Amino acid sequence: MKSMDMEGMSFDNATYVWGKHSHIGPFTGEVKPGQWLGLIGPNGAGKSTFLRMISGALPPTTGRIYLDGEDLYGLSARQRARRIAVVPQTQAANLNLKVREVVELGRLPHLGFSERFETFPEEHWRYIKEALSATDTLELAERRFSTLSGGEKQLVMLAMALAQGGSVLVLDEPTAHLDPGHSHRFLDSLSRLVEEKSKTVVMAYHDLALASRYCTELWIFYEGTVVRQGPPDHVLDTTFLEGIYGTRFLSWYHPATGSRIVLPD
């Protein structure tokens, strides 16, 4: 097995085919540690299927996906779970576990079979506390998950993903059901992790304004393929977007950050 050298994730002509005429790909490119890749494009363009491919849930029909130089699907499911964490779009609203117990679930891929039925090993508490601290949820540790607001629940799910200790975070519309305040709090927490922990983040997102503010790289999906990729300022061309989405867009630059903002007209 190759050594872990923080190479990130790369795609070598990875394609997924289902049925006779449906496919996505081929995808070729890479996402380095400390890079935040945003996937944008209309509904049904293949973003969610691509996320399933890179999270270890859907092996490519042809081509390869590499994680830190190793074939992703040459790893066992447990090995993949140790290195790739998925933050779901929605949570079980009535989950009656304490927040601390929810975050503990992120450590399961690192536990032996017998350990899962014994007292939680002390060595794993450091990861749990760091994950709670990084997402500003430490004060919620003894609260019941079911009593939290939607924004708090999503931050706890991010903490659970961080507790896994992996290098890659995969997210599919993680703030779809959150108000603007909670959305920004969640994305700010994620941004700190990218910058301070050199996490590799791959996220599908519909809000082009927020995608341009937070992501370092954007891929535009259209009919199962990536039709444009690069930094947000390069990718978010209004004329090109109009052809993809079928609607007009307005564009200007944020007065504080200087990042390009694109919104439907």
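Helices here are DSSP runs of H or I with at least four residues, strands are runs of E with at least two, and both are numbered from the N terminus. Before going on, this is a predicted model, in which local features need pLDDT of at least 70 and side-chain atom pairs count only at pLDDT 80 or more, while totals for chains, interfaces and linings use all residues. Residues are numbered from 1 along each chain as its sequence is written, and side-chain values use heavy atoms, with hydrogens and water left out.

Back to H6. The helix covers residues 180-197, and its 18 residues should span 26 Å at 1.5 Å a residue; the end C-alpha atoms lie 25 Å apart, which agrees. The expected span is 1.5 Å times one less than the number of residues. Ser183, Phe186, Leu187, Ser189, Leu190, Leu193 and Val194 are buried in H6. These residues sit on the same side of H6, because they cover an arc of only 150° around the axis. That arc is taken from the directions from the helix axis to the C-beta atoms. Pro180, Gly181, Glu195 and Glu196 are exposed, on the face turned away from the buried side. Buried means under 20% relative accessible area, exposed over 50%, and partly exposed in between, with a 1.4 Å probe and protein chains only.

Next, H5, residues 150-163. Of its 14 residues, 13 are buried, so H5 is largely enclosed by the rest of the structure. Just after H5, Gly165 has a positive phi of about 80°.

Gln164 belongs to the loop between H5 and strand S7 (168-172). Is Gln164 buried or exposed? It is buried, at a relative accessible area of 12%. Beyond its neighbours within four places in sequence, Gln164 is in contact (heavy atoms within 4.5 Å) with Ala81, Arg82, Ile84, Ala85, Gly106, Arg107 and His110.

Last, the sheet. Four strands form an open sheet in the order S2-S1-S4-S5, with antiparallel pairing. Strands S2 (22-31) and S5 (70-71) are at the edges with a single partner strand each, so one side of each has no neighbour in the sheet. Strand S1 (residues 9-18) runs antiparallel to S2, and seven bridges join them; two strands pair if DSSP finds at least two bridges between them. Ala14 stands opposite Phe27 in S2.
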